[in-house]
Protein chains: 4
Amino acid sequence: MRRLGFFGPRGTFTEQALLSMPIAGDAELIDYKTVAATLDGVRCGEVDAALVPFENSVEGSVSATLDELAYGEPLVIVDEVALRVEFALMVRPGTELSDITLYTTHPHAYAQCRDWLAAALPDAHFSPALSNASAAVEVADPASRFQAAIGPRIAAEHYGLDIIADNIGDNEAAHTRFILVSQRRQPAPPTGADCTTLVIFIRQDHAGALLEILNEFAVRGINLTRIESRPTKKQLGDYYFSLDIQGHIGEARVREALAGLHRICLEVRYLGSYPRHDGRANLAPETASDEAFAESMEWIDALREHGRPPEQ
Amino acid sequence: MRRLGFFGPRGTFTEQALLSMPIAGDAELIDYKTVAATLDGVRCGEVDAALVPFENSVEGSVSATLDELAYGEPLVIVDEVALRVEFALMVRPGTELSDITLYTTHPHAYAQCRDWLAAALPDAHFSPALSNASAAVEVADPASRFQAAIGPRIAAEHYGLDIIADNIGDNEAAHTRFILVSQRRQPAPPTGADCTTLVIFIRQDHAGALLEILNEFAVRGINLTRIESRPTKKQLGDYYFSLDIQGHIGEARVREALAGLHRICLEVRYLGSYPRHDGRANLAPETASDEAFAESMEWIDALREHGRPPEQ
Amino acid sequence: MRRLGFFGPRGTFTEQALLSMPIAGDAELIDYKTVAATLDGVRCGEVDAALVPFENSVEGSVSATLDELAYGEPLVIVDEVALRVEFALMVRPGTELSDITLYTTHPHAYAQCRDWLAAALPDAHFSPALSNASAAVEVADPASRFQAAIGPRIAAEHYGLDIIADNIGDNEAAHTRFILVSQRRQPAPPTGADCTTLVIFIRQDHAGALLEILNEFAVRGINLTRIESRPTKKQLGDYYFSLDIQGHIGEARVREALAGLHRICLEVRYLGSYPRHDGRANLAPETASDEAFAESMEWIDALREHGRPPEQ
Amino acid sequence: MRRLGFFGPRGTFTEQALLSMPIAGDAELIDYKTVAATLDGVRCGEVDAALVPFENSVEGSVSATLDELAYGEPLVIVDEVALRVEFALMVRPGTELSDITLYTTHPHAYAQCRDWLAAALPDAHFSPALSNASAAVEVADPASRFQAAIGPRIAAEHYGLDIIADNIGDNEAAHTRFILVSQRRQPAPPTGADCTTLVIFIRQDHAGALLEILNEFAVRGINLTRIESRPTKKQLGDYYFSLDIQGHIGEARVREALAGLHRICLEVRYLGSYPRHDGRANLAPETASDEAFAESMEWIDALREHGRPPEQ
C-alpha cells in the first residue's frame, strides 16, 4: 500500500489539497509537524512521496519549503496541485454567530478574512494561534475561552466543529500551490504542459549574473514563470535563486539551457519536471521545438562530418 | 521633540536596532503591534519616522514590510541599519541552566539556536511563542510553566529577566536589515555609497519583462543588489518585483534608468535613495559617472544645436 | 546663387540623382573627379553642399564615401535621395544594334546587364572602362574602336549619343542611395520619418562591444536600418562601424542613445539627421516617443525634488 | 599533381600570397580572370582549391568574394594567409627615377602610395589602370607612353621590369587576407586557433535580429572577429551578414551556436572552419571549453535518466 506524507497537522489546507489528488485515493496518509520533518519522511523512505505548500498567491512563497529543497538532501518534485484558499468559520456545535466574542486562527488567515470579520463580527476580538489547525483544536475543547476558529473546511470535520459561515476570505482569487515531492528518480515523460523547477547558486561577487541566467533561457525560447531570490544565510546581500520555467527536461531546449547554466553557475540543483497544475501548454516558439532542435542537430552533424548540410 | 515609531513590542531586535541609531538619541520611541500599524503611524503623522525589519540574512525578506511599501499609501526609506542577530537565553532571577525543562520563543529564533540548544539543553523541551518578546513576557510571569525564553538581550532588560547564556545563535553571520521610513520628501544628497529601493509592476502577460528591466540597469552601468518577486495577490504566477540598486536618485545614471523603467513598466514606485548601512562605495564604471553624463549631455546638446561637438 | 557639387563626371547616375532633387532647380552644378575631391569642395566652401553615392542595393556601400565621412574633416548629411539604376545602351547616331561588335562600360555596369547582353548581343565583346561616363566619352569619339557604351541615360544627352536600348539592367530593383552633404550646421527639425547616420569607433580589444552598442539602441526602442564594419586601416581585424538608425537627434530617445554611446565608445561621430528618401515613418514604440520621454522626465524630476511623483 | 587556382592575372598580390603557402610548392598554378571564374574553377573540379582575396586592412572586404561565397554554388574555406601589401615602383630596364613623367597603376594602389609619390615624383602624372598587373603589362611594352608602373614585386619578375623603388606604400601596416577555397568536405581537426566563417540571412522585417544573432554567440562564450553587412540585391535596406567567429565546428560551443542560428535564421551558410593565419589561440572562457560542454552533457543526461547528477 502506498504511503503519502503531508505537512500537517490534519485539518490544514495541505491535507485538503492532498485529498483532491487521485494518488491519495488508495494511500495511507501520514502527517508531519514541520516541512523539514515531512521531507525527511520522504528522504528516509517512511513515505513514498509527500505534499508540502510551495507558494500562495497572497502570502508568497513558503520559505521553509524553498530552503529545504535548496539545502537539504536532494529530492525532486513529481507533481503539483493548486487549491483555492477558502476559509470557514467553525464553532462547537450549538454556538451561534451572535455568541462569538473571541475567536482565534493563524495571523495569515486572520489577515485574509479581515473585511468579512469587520462586517460580520464587528465587536468580537481576535487572538492569534500558531496554526489554523491548532486554532480548531483549541476551540474543540469545551473549556476553551474561544467560541470560534477560522480555517479550512476539513478542520471542522476532523475536530468535530460546525461550519457556520463558509468562504469568508476577502480575496476570491487566493490560491495555494502545493508540490508532491519524492526521492530522485527518472522524470515522467513530457506532457507538453510541464514545469521545471530549479535552484541556482551564482558564482560569488558576479554582477550581471542574473542577466546571464535569464539570457540562457531567452536564447533557447524558454519562459520563466517564477523567480525568487532567497538569502544564502552567509551574509546580507548574498542570494540564491529559486525558479520555475515552462518545459520539461525531456525537451531539448530545456536540456540545453540547463547544461548552459550548469557551466556558468556555481551550482544548479534540478528539482524536477512535472505537469503544470493548470494544464496550460508551453509557449515555446516553433524555433525552439524538439523538431527544430532535432533538425538543427542533423544539420550541424552533416556539416561537421561532410562540410555540407544533409541532402533533403 | 522628535517621535520615532518601531515595530514592537519593546524587547525585540527592532527596538535594539533603533537604539543603535544616532537619531534615536533624543527621540520619543513609540512601539506598534504590526508592521502595518507602524507604517500607518508614519502616514498619519503620529511619528516622524519609524523603523521596521526589511530582510534577514537567514530568513529572507519580511513580506509584511515589502507588501505594505508596495501597496500602502506611499512612503520613502530615508535610512537603514543592519544588526547582528544575537540571541540570549533569559530566565527569571535565580533560575539556573540545569533547572530548565521547558523553554519558549518564536519558531524562527528556535530554528536559529537549534545546535546550541541540542548541546546545552539536550533534555529540555521547546514550545513555540508568537514572538520573541511575548516569550519573554510569558517567562517573566512567576506562574509560568516555562523556565526560559530566547530572544534579544534587550528583552531581558525590559522584562526583568537574567541572561544566563548569550550569543547562542548557530549562525555567527546572521544579520537583519532594518529600514527607517518617513513620509515622502526630498531625498538627502548622494553620499557616493547609496542604495535606491524600487517596486516594479510589469505590464500583464509580458514574457521577457524581467530581462528588459535588468537591461535598463545594465545599459546605465547600475548594479542590482537585491531582487525579490512577490505575488500581486491577483492570481498564482502574477508577481511584482522589489529591488535595490546601487546609486542615488541624485545621480544621473539612476535618474535615466528610473525614467526608462517608468516608460516601459505598468508602475514604478520609488521607495527612496539613502546611505547604505555598510558604507561601501558604489561600483559604477567611470563611463556612468555624473561627470561622464554631464559631458555627454553637453556633447549632444552642441550636436543638436550646431551639428558639431562643443569646442574643447 | 546656390552652388552644388557632385561626384562626376557629368553623365553619371550621381548627376542624374542630383537633378531629380528640388534643390538643384536654381543651382549651379559643379562636378568633381573623386568622392574625396567632392567633399573637399564642401569643406572649403567652394560649394554649399554636394551629392555623393552612399550605397547600392546590388554592389553595397561606397567605401570611399564611408571612409571620407569617417576620417576626413567632419561634415553632415542633410538630405538623401534614392535612384533606380537604369542602364541605357548608347551609340553614335546612326549605329544600329547589329553593328555592335565591341562595347565598353565600367565592370559594375557590365555585371548588372550581363543577362540582357548575352541575349541581345551574344557575339559582341566587352572591354572594361574606368567609369560609365568615360565609356560614353570614348564612344562619342568617331575614331573609337567601340560601337557602344552602357550607362545612365543622362550620359547620352551629355555626350551626343543615341539610346538604342533602355533599361537593360537585369535587376529591376537595383537602386542607389545618394547623400547630400554640407558643412556642419544645426539639423532641420524632425519630420517623423528621419534617419540619423553615425560612425562609431570602439575601445580597443573589447569583445562584446558591438552587443553593447546594439543594446544602447534597443533599450531606447530605436531600430537600426544599416550597419557596416569598415577597417580602421591600422591592422586586419580592427574595424569601425558605420550605421543608420531610425530617428532624429531632435528626438529624445535618439539623444539619450547617442549620449550613451558617446560615454562607452572611443569616438562617436554624428553625421546628421535628415528626412528618409522613402518617407516611411519611424517604428519607435509608444514608450519611446517624445511624449513618453517628457512625461518620464517630469516624473523623475518630481521624485528627485519632492520624493513623490507629480500631482495629476 | 595538385592543381591550384588563383585570382589572376600573374603578377598580382594573390599570386604572391599563394606562392608563400607550403601547399603551392609542388602544385600547378592556374590563374583566372575574375573571382567568380576562380571559384567556378574549383566548383567544376578544374583545380583542387583556389586562393582569392577576402579583405584588406585599408580597403575593406572584397565584395566579389563575399557575394560569390554567399550566393554561388557552395564552397568552403580550408585555409587562409595574410600578406603585407608592399608596393614596388617598376620600370623598363634602363629607366631612371628622373625619367618618369607619367606612371600608371590601379587607383587603389595609387591611393596607398600617394605620400611617397608626392615626395619622390612631385612633377610626374598618374593615369589609372584597370589592375596592378595590367599596368605592368602596359609599361613592359616599349611603345608605352608610361615610364613606370606600381604593383607587387612579383609583377616585375613576370613582365621583365626592374624595381627602382621598393616598399613605397604609405601604410606600413597594410595587409590583405586571402582565403583558400575548396569543394565542400570534412573540415580538418581543430587546432585551438581556428576561425569559422558564416553567411547569415535573417528572416524578413525582423528588427532586433542582429541582436539575437550576437546573443547566440555571447551565451556560448564565442567571440566575433569580423562582421559585415552586404546587400541582398533585393532592395535598399535588405542585408545579409558575413562573419568570422573564433572557434571550429569541431568544438561543442561552436556547434551549439550554429545550430541555434540555424533555428532562428532564414538561412545559415557554413563556409568552413580553418586555422587562423596569425595562429592566435581562441579566447573562449573555461566555461565554454569542450571539457565543460562534455561535463555538462553528462550531468544533464544523468538528470534526465535518473533524476540525479552523475556519481562523482
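Select strand 1, helix 1 (residues 13-19) and strand 2 of chain D: together they make a right-handed β-α-β unit. Helices (H or I, at least four residues) and strands (E, at least two) are DSSP runs, numbered from the N terminus. A crossover is called right-handed if, with the strands pointing away from the viewer, the path from the first strand over the helix to the second runs clockwise.

This is a predicted model, in which local features need pLDDT of at least 70 and side-chain atom pairs count only at pLDDT 80 or more, while totals for chains, interfaces and linings use all residues. Residues are numbered from 1 along each chain as its sequence is written, and chains are lettered from A and ligands numbered from 1 in the order in which they are written.

Stay on the two strands of chain D. Strand 1 (residues 3-7) and strand 2 (residues 28-32) of chain D run parallel and are joined by 5 bridges; strands pair if DSSP finds at least two bridges between them. Show Phe7(D), and opposite it in strand 2 of chain D stands Tyr32(D).

Next, go to Leu161(D), in the loop between helix 7 (153-159) and strand 10 (162-166) of chain D. Is Leu161(D) buried or exposed? Leu161(D) has 24 other C-beta atoms within 10 Å, so it is buried (20 or more such atoms; exposed means 12 or fewer, partly exposed in between, with C-beta atoms placed from the backbone). A contact means that the C-beta atoms, placed from the backbone, lie within 7 Å.

Move to chain A. Strand 1 (residues 3-7) of chain A pairs with strand 2 (residues 28-32) of chain A in the parallel sense over 5 bridges. Phe6(A) stands opposite Asp31(A) in strand 2 of chain A.

Finally, show whole chains. Chain B and chain D have no contact, and their closest C-alpha atoms lie 13 Å apart.

Key:
Two residues are in contact if their C-beta atoms, placed from the backbone, lie within 7 Å.
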